[in-house]
Amino acid sequence: MKRQSKVAMLIAFGSAVALVATGCAAGGGSKGESKSGPKSTSINVAAQAWMIEKFHMNDMVDNFEAANEGVTVNVVEYPDNQSLSNFALQWSQGKSSQDVVVVDGASVAVQFLAKDLIIDFNETDFFEGATAKEKFVGESLSFDQLGDVQFAIPIGLETYNISANKSYFEEAGLVGVDGEIPAPQTWDDLYDMAAAMTLRDGSTVTRPGMTIQWGPNAVNTMIAVEQAVRGSFYEDDVLTFDTPEMRDVLEIWKKGVEEGVFSIDTFSNKDAGRSNFNAGNIPMVLETAAHVPEAIPTIGAENSVVLAMPGSAENGSYGFTAGILVPSASENQELALQFIQEAMMSDIQVAVGEEWGKLPVIEEHFDKIDAPWKTSMYDLVKISEPAPMYRDLPEIQVTGKQLLQEYLTDAIDLDTFLADLEKLIEDANKDSE
Amino acid sequence: MGLVATETSPPRLRRPPLAGQGAVRRKKIRSRRTGRSVGFLFILPALLFIFVFMLYPLVSSGYMSLTEYNFVYDDDPTFVGLDNYVSAFEDPQFVTSLTNTFVFGFFFFIILIVASLSIALFLFQKIRFNSFYRSAVFVPLVVPLSLAGLVFLWILQPNYGLLNYLLGDVFNLPFLVQPWLSQSDTAMGSIIALSLWATIGFETILFLAGLQSIDPDTLEAAELDGARGFKKIFYILLPNLRETYILTATWGILHALKVFVEPMVMTDGGPGTSTLVLYQQVYLTAFTYFDMGYASAMGYILGLIILVLIVLNFLFLRKAGDKNA
């Protein structure tokens, strides 16, 4: 190769190496870098698309910017919880493009505590003034708490229960003399109700009686149901599903699937139950009960009701909230906390609750909600339990869903299903950090 | 020896340069060298791209596959040698997803090649509305695969989907109504159907290009010799597509084994694990469990399998071609 060619190749190679080295160097900032400095005037708030709409985030931003002249808040959309891995990768390099991150189901954020990738709100002055701890509804802060660490601020209290369309119950003669739907006492009762509302054309089911969330959140559904029927989903402080109560429920689920009483649409489309309920196409759906207010514009306030699943009125269910995180690597933490305090905890929560059933976490806003389902939903939320904060919870949720679907489609029997699930839980890392 | 050599092959005398000739030559050489340097500058962006976005990640993930590294929990990767590769074959999730990938790949590949070749042969004929048919075959290519997946999700919806409506209500065939995506056997078939819908157009165009590159004289001579219909197809057209087979089969293998979007959008790998494919498992391991080392190893295993299949395909078709020649 001629000298000039070699030189050109060398330049090309050198440039490439320099570019990569620059990239690597940029990623090597230390975690301990000072977050202080000149007061920031701009923050980035990352949220999933549905959150931007349902939490009225653009209104929050407008109000905050109007009240704080010269401050800019950029709302950045991310698709789903799996995008959190990209954030975490950046945080682990001591950088963060986001100053506030809203996550779906705050328990997913526990894993970021291991390397202190997110801040502990207890170590800030967040819980002062309008957002003092006593201003929060009931035990709502405990949903996002691990030991003494407040790793997220809850927003939108929710619980798993049955959203019911009363018109179908009336049609099937299942409404009591008081005009209310009698709460099912056992899963057999619930199965009978669903069976009575299942429509068939010959041997083909044209309308199942109920849809249960057996998609990506299937394990949460099992947690909710077990909490309700048994009062706990723990045995010796470890998550378990191999209990006589759950065995009964699982057998009823299987029978319901075989007979078409319970639909399995959620296997392939997690939103199938909610979409069909909102469209008035299905009598009952078991997942977050927040769909009750959500369906009011289409099926009517008189028809959209919360129905307590067996045992939940006494024992509660699975409760959860979206969570607001602040990355430790954020350089604008002060402004981020101010935004959460002034905008996200503002009375915008009232509209969010009334429209979407995601209950306010600040008591003052909660009291302003005027809806028939408010009390029944809150009664359920306050006795509901969050998911276990295990390091390997994501793996339990993914593989647990696969096993449940295999059981429900007869690929494995009940004993194999439960044995495999218990083995999965046993092998999982159950440390919180 | 040296003396003999000197005697038998006298040194070549250099012709003395003519006046001004040296300068011209030097100018020519300089110009050629400048041209080369400019050429390298032109390929510099491509070189940088290959290095930064292909070579560096390839080497980096190769190293990562030899480590245990969960970036949310571990400060640094720990070197574990080939442990991740060994563990993969003991992991039921990996084995299931690999098996599913092969099942998908086998049926997808066979149907893809047969169907696209058949369509290409059809479109190679002089028929009415040929341009329209060609455009129609090509149209699915412009639809993003994820969007097509969502449309198929709606079409295949069990209670209110278009397919079941057509089968049950329009054609009065209720026994054919199925929860297409919620039962194992039909779910995989549905994913294969979407993939074929999305890719047959491209393969057809490749085959069509191959057919059009056959020398018209050969075709004319064959016709004069009485080769028509199937005879023409089997004895003239198909044997002349050897180079095209290599290209289409390579592309088919690649697409068959790197399947990801279709099950991700339509079934999430379910019901159970019946449509869980390997790249989905890699994605889950990397971005849900944050286990980068193990995910990289799984990715490398599939990459190696694809490489081996493509090389085998190339060697097989070349050998077959040599025999025919």
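Guide: Start with burial: a residue is buried if 20 or more other C-beta atoms lie within 10 Å of its own, exposed if 12 or fewer, and partly exposed in between, with C-beta atoms placed from the backbone. A419(A) counts as partly exposed, because 14 other C-beta atoms lie within 10 Å.

The model is predicted: local features need pLDDT of at least 70, side-chain atom pairs count only at pLDDT 80 or more, and totals for chains, interfaces and linings use all residues. Residues are numbered from 1 along each chain as its sequence is written, while chains are lettered from A and ligands numbered from 1 in the order in which they are written.

A419(A) sits in helix α17 (residues 414-427) of chain A. Helices (H or I, at least four residues) and strands (E, at least two) are DSSP runs, numbered from the N terminus. In sequence, A419(A) and F241(A) are 178 residues apart. In space, their C-alpha atoms are 9.7 Å apart.

Now the chain. Chain A holds 17 helices and 15 strands. Its radius of gyration, taken over C-alpha atoms, is 24 Å, close to the 22 Å that the globule rule gives for 433 residues, so chain A is as compact as a globular protein of that length. The globule rule is 2.2 Å times the number of residues to the power 0.38. The C-alpha trace of chain A spans about 85 × 60 × 45 Å along its principal axes. Buried residues account for 49% of the 433 residues in chain A.

Next, the domains, whose bounds come from an automatic or database domain assignment. Chain A splits into domain 1 (42-158 + 320-382) and domain 2 (159-319 + 389-427). Their centres, taken over C-alpha atoms, are 28 Å apart. The contact between them takes 18 residues from domain 1 of chain A and 20 residues from domain 2 of chain A. Two residues are in contact if their C-beta atoms, placed from the backbone, lie within 7 Å. On the side of domain 1 of chain A that touches domain 2 of chain A, α13 (348-356) and α15 (374-382) of chain A each supply at least two residues.

Then the core. A nonpolar core is a set of buried Ala, Val, Leu, Ile, Met, Phe, Trp, Tyr and Cys residues joined through C-beta atoms within 7 Å. The largest one has 179 residues. A109(A) and F339(A) have the most contacts inside it. Helix α8 (residues 184-212) of chain B gives the most to this core, 10 residues. Domain 1 and domain 2 of chain A both give residues to this core, so it lies between them. Leaving aside neighbours within four places in sequence, the contacts of F339(A) are I43(A), V45(A), F64(A), V73(A), V100(A) and M344(A).

Last, the partner chain. 37 residues of chain B are in contact with 41 residues of chain A. α2 (21-64) and α13 (278-287) of chain B are the elements that give two or more residues to the chain B side. α2(B) gives the most, with 10 residues.
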